[in-house]
Amino acid sequence: MNLLQACTVIEGARKDAVLVATMGAMFAFDALKAAQPRISSVPLMGGAASLGLGLAIAEPTRRIVVVDGDASLLMQLGGLTTVADRQPANFVHFVARNGAQFAGAANLATPAETCVDYAGLAAAAGYRRTYRFEDEAALASHIDEVLGGIGPTFVELRVVTPPPIPGAPLKMEIPDLQFQRMGMEARALSAWLKEHAHG
Amino acid sequence: MGERNFNIPASGYLEALRRNGVDHFVTVPDWVQLGLHDRVERGVEGLSLVRCCNEDQAVCVSAGLRIAGKKPVTVVQNQGLYACINTIRAVGLDASLPIVFLVGQFGREFSNFGQDPSLSSRNTVKLLEPVLNALGVKFWRLEDENDLGRIDEAFAYADKESRPAVLIVGSPTGWN
């Protein structure tokens, strides 16, 4: 499956769960017009899971869905144990594994791509449930179970790497929005959570 | 006059955190604040302890808590603050989230207590304030018990300006 297909399945089942996305997944959810409640960890590789953990602790009756990247997770691998220490039952942590840094631009190989087992790492760190999906149909058939069960839950999604764009940095200026959106989304999410407070 | 006591009691910190509505103690433990850590580890009513593996995670967890209306304090040491500068840039400066830190001055010479930290011979001590100045992050020194009111100032500033604020714990906290 590709990243957009994976994110389409997640978005279709998310309902009012808070979405915390980063990197490629963030853009996929943008393409799907994913609305509040959501926040992006950008530009901040590695921040999504801990940002989601803070939300999960503060909002224990609301589902928090983190959609991380493999290179981002590698930057904060110890964060798996930070999550596990709190055992947030409402926390679901997807990792889109494409084996590439700057996927779709340069496709530089991530460390240990040939041998690392992300779901195994999460299980060893203390996540309660782990899954691994390689095709869209399998993800779709399990998504309600994944989102509905008691967490912390970890889901490794094997996604295909998009083809690189030669010379991408020469053509694509990073827009101001990339540096502004986390704050804008934080304020919008705060307002959304107040408006939709669980009694 | 008696000798100046630089060891602010843990109870003084906890009282200041309580009156500022702090509900989460998000931390990577700090040598300088072990007295405070010891007290929090034993349980403080209304204060939930969140243990993190590194300071990037501590800042992001605090950000999530803040977004959802909670009031965390992020407790680290100077080395940890240096380690998470990019996360402070993203979360505190770009996203304007009011993260309040207690930062211990690990490695500070006892002879430097109450003095200007720039006079320390140790980079880990003397670089802290210049780094915060370079980031544009406001800070307050906590040198003795008379400075505890600065904790209130830092929280008020962070809330009003929606900016990070750093309280510098200059010497080891007392176990009392």
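Student: How many bridges join strand 1 of chain A to strand 3 of chain A?
Tutor: There are 4 bridges between strand 1 and strand 3 (residues 64–69) of chain A, and the two strands run parallel. Strands pair here if DSSP finds at least two bridges between them. Helices (H or I, at least four residues) and strands (E, at least two) are DSSP runs, numbered from the N terminus.

Student: And what am I looking at, by way of model and numbering?
Tutor: This is a predicted model: local features need pLDDT of at least 70, side-chain atom pairs count only at pLDDT 80 or more, and totals for chains, interfaces and linings use all residues. Residues are numbered from 1 along each chain as its sequence is written, while chains are lettered from A and ligands numbered from 1 in the order in which they are written.

Student: Back to the sheet. Which residue stands opposite L19(A) in strand 3?
Tutor: V65(A) does. Strand 1 of chain A is also joined to strand 2 of chain A by 3 bridges, again running parallel, and there A21(A) stands opposite S40(A).

Student: Which way do the residues of strand 1 of chain A point, and are they buried or exposed?
Tutor: V18(A) and V20(A) point one way and L19(A) and A21(A) the other, and all are buried. Buried means that 20 or more other C-beta atoms lie within 10 Å of the residue's own; 12 or fewer makes it exposed, anything in between partly exposed, with C-beta atoms placed from the backbone.

Student: What do strand 1, helix 2 and strand 2 of chain A make?
Tutor: A right-handed β-α-β unit. Right-handed means that, with the strands pointing away from the viewer, the path from the first strand over the helix to the second runs clockwise.

Student: What is the phi of M23(A)?
Tutor: Positive, about 50°, although M23(A) is not a glycine. M23(A) belongs to helix 2 (residues 23–31) of chain A. M23(A) counts as buried because it has 27 C-beta neighbours inside 10 Å.

Student: Where is N107(A), and what is its phi?
Tutor: N107(A) lies in the loop between strand 5 (100–101) and strand 6 (108–109) of chain A. Its phi is positive too, about 55°, and N107(A) is not a glycine. N107(A) counts as partly exposed, because it has 17 C-beta neighbours inside 10 Å.

Student: Which residues does a cis peptide bond join in chain A?
Tutor: One such bond joins V42(A) and P43(A), with omega about -15°; P43(A) is in the loop between strand 2 (38–40) and helix 3 of chain A. Another joins G151(A) and P152(A), with omega about 10°. P152(A) is in the loop between helix 7 (136–148) and strand 8 (153–158) of chain A.

Student: Changing topic: how many residues of chain B are in contact with chain A?
Tutor: 23 residues of chain B, against 29 residues of chain A. Contact means C-beta atoms, placed from the backbone, within 7 Å.

Student: Which elements of chain B supply that side?
Tutor: Strand 2 (48–51), helix 3 (55–67) and helix 5 (85–94) of chain B each supply at least two residues. Helix 3 of chain B gives the largest share, 9 residues.

Student: How many of them are nonpolar?
Tutor: On the side of chain B that touches chain A, 12 are nonpolar, 7 polar and 4 charged. Ala, Val, Leu, Ile, Met, Phe, Trp, Tyr, Cys and Pro count as nonpolar, Asp, Glu, Lys and Arg as charged, and the others, Gly among them, as polar.

Student: Which residues touch the most other members of the largest nonpolar core?
Tutor: A nonpolar core is a set of buried Ala, Val, Leu, Ile, Met, Phe, Trp, Tyr and Cys residues joined through C-beta atoms within 7 Å. Of the 109 residues in the largest one, A6(A), V20(A), A25(A), V67(A), V103(B) and L167(B) touch the most other members. Helix 3 (residues 48–58) of chain A contributes the largest share of this core, 8 residues.

Student: What is V103(B) in contact with?
Tutor: Leaving aside neighbours within four places in sequence, its contacts include V76(B), L81(B), L128(B) and L167(B).

Student: How do strand 5 and strand 6 of chain B pair?
Tutor: Strand 5 (residues 138–142) and strand 6 (residues 165–169) of chain B pair in the parallel sense over 5 bridges. R141(B) has I168(B) as its bridge partner in strand 6 of chain B.

Student: What ipTM does the predictor give the complex?
Tutor: The ipTM is 0.97, and the pTM is 0.97.

Note on methods: Two residues are in contact if their C-beta atoms, placed from the backbone, lie within 7 Å.
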